[in-house]
Amino acid sequence: MSKYQIAVVIGSLRKDSFNRKLADAIVKLAPPDFSFKQVQINDLPLYNQDDDANQAESVKRLKNEIKSSQGILFVTPEYNRSISGVLKNAIDNASRPYGQNAWAGKPAGVIGISIGVIGTAMAQQHLRNVLAFLDMPTLGQPEIFIQAKDGLFDEAGNIGAESKQFLQNWMDRYVAWVKKHAD
Ligand SMILES: Cc1cc2nc3c(=O)[nH]c(=O)nc-3n(C[C@H](O)[C@H](O)[C@H](O)COP(=O)(O)O)c2cc1C
């Protein structure tokens, strides 16, 4: 059993999502005492405060997965210069009822990939605002803004040679961040 279990939250439901590919590839750069699990968010209800006293099983499952993790990795697409609705919905669901915010205190990392030149910079900035309110210590540097380009991934789905050192450096910093802030 790995010492550090990380919940990976991917803000795209698309089958061929670049963000899922990025998530699959970057976790291979982590040391053996870290393990990563992509959490399911496509079956969550649309958040409705009326449900706070009777949360859906899928919401309870997500909250338990977050609470039992030592850190969170958000992998966000950029939708209309912000995060996707499905990602915000997952965040809102697990943040409630008031006083039972599952995200609180969990060390977080934020990365993302888009087809635009700013590589999810605006989405990540919006996400950081949300995570600050949710009381999540979030790794500030290095920032990772990736534009989807040929050669980013090799044929086996690993990070291609050109970007590997950059992403390895990010992972090393993220690992140290989680170790510092995990309870
Ligand atoms: C509703 C919508 C809004 C988008 N807005 C942006 C945007 O603001 N900036 C950007 O770089 N790409 C934008 N895109 C393009 C995405 O970068 C692209 O669809 C990308 O593949 C999404 O990530 P995914 O591959 O993980 O699904 C948008 C796509 C959609 C569907």
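**Close-up views of a predicted model**

**View 1. I10 and V75 in the sheet.** I10 stands opposite V75 in β3. The place of I10 is strand β1; strands (E, at least two residues) and helices (H or I, at least four) are DSSP runs, numbered from the N terminus. This is a predicted model, in which local features need pLDDT of at least 70, side-chain atom pairs count only at pLDDT 80 or more, and totals for chains, interfaces and linings use all residues. Residues are numbered from 1 along each chain as its sequence is written, and side-chain values use heavy atoms, with hydrogens and water left out. Is I10 buried or exposed? I10 counts as buried because its relative accessibility is 5%; buried means under 20% relative accessible area, exposed over 50%, and partly exposed in between (1.4 Å probe, protein chains only). Not counting residues up to four places away in sequence, I10 touches S17, N19, R20, A23, Q38, I41 and V75, where contact means heavy atoms within 4.5 Å. From C-alpha to C-alpha, I10 and A156 are 20 Å apart in space, and they are 146 residues apart in sequence.

View 2. In the order β2-β1-β3-β4-β5, 5 strands form an open sheet with parallel pairing; two strands pair if DSSP finds at least two bridges between them. The edge strands, β2 (34-38) and β5 (145-147), each pair on one side only. From one strand to the next, the twist averages 25°. Helix α5 (residues 161-181) packs on the sheet and touches β1, β2, β3, β4 and β5, and its direction makes about 155° with that of β4. Axes are lines fitted to C-alpha atoms, for helices over the stretch in contact, and angles run from 0 to 180 degrees between N-to-C directions.

**View 3. Strand β3 and its two partners.** Strand β3 (residues 71-75) is mostly covered, with 5 of its 5 residues buried. G71, L73 and V75 point one way from β3, while I72 and F74 point the other way. Strand β1 (residues 4-10) runs parallel to β3 and is joined to it by 5 bridges; the bridge partner of I6 in β3 is G71. Strand β4 (residues 108-114) also runs parallel to β3, with 4 bridges between them. The bridge partner of F74 in β4 is V110. From β3 the chain crosses through helix α3 (residues 85-94) to β4 in a right-handed β-α-β crossover: with the strands pointing away from the viewer, the path from the first strand over the helix to the second runs clockwise.

**View 4. The contact of helices α2 and α3.** Two packed helices are described by the angle between their axes and the distance between the axes. The axes of α2 (residues 57-67) and α3 come within 9 Å and cross at roughly 80°. The two helices are therefore roughly perpendicular to each other (under 35 degrees counts as roughly parallel, over 145 as roughly antiparallel, 65 to 115 as roughly perpendicular and the rest as oblique). V59, L62, K63 and I66 in α2 meet A90, N93 and A94 in α3. The residues of this contact divide into 5 nonpolar, 1 polar and 1 charged; Ala, Val, Leu, Ile, Met, Phe, Trp, Tyr, Cys and Pro count as nonpolar, Asp, Glu, Lys and Arg as charged, and the others, Gly among them, as polar. Among the residues of α3, L87, N89, A90, I91, N93 and A94 are buried. Their cover includes β1, α2, β3 and α4.
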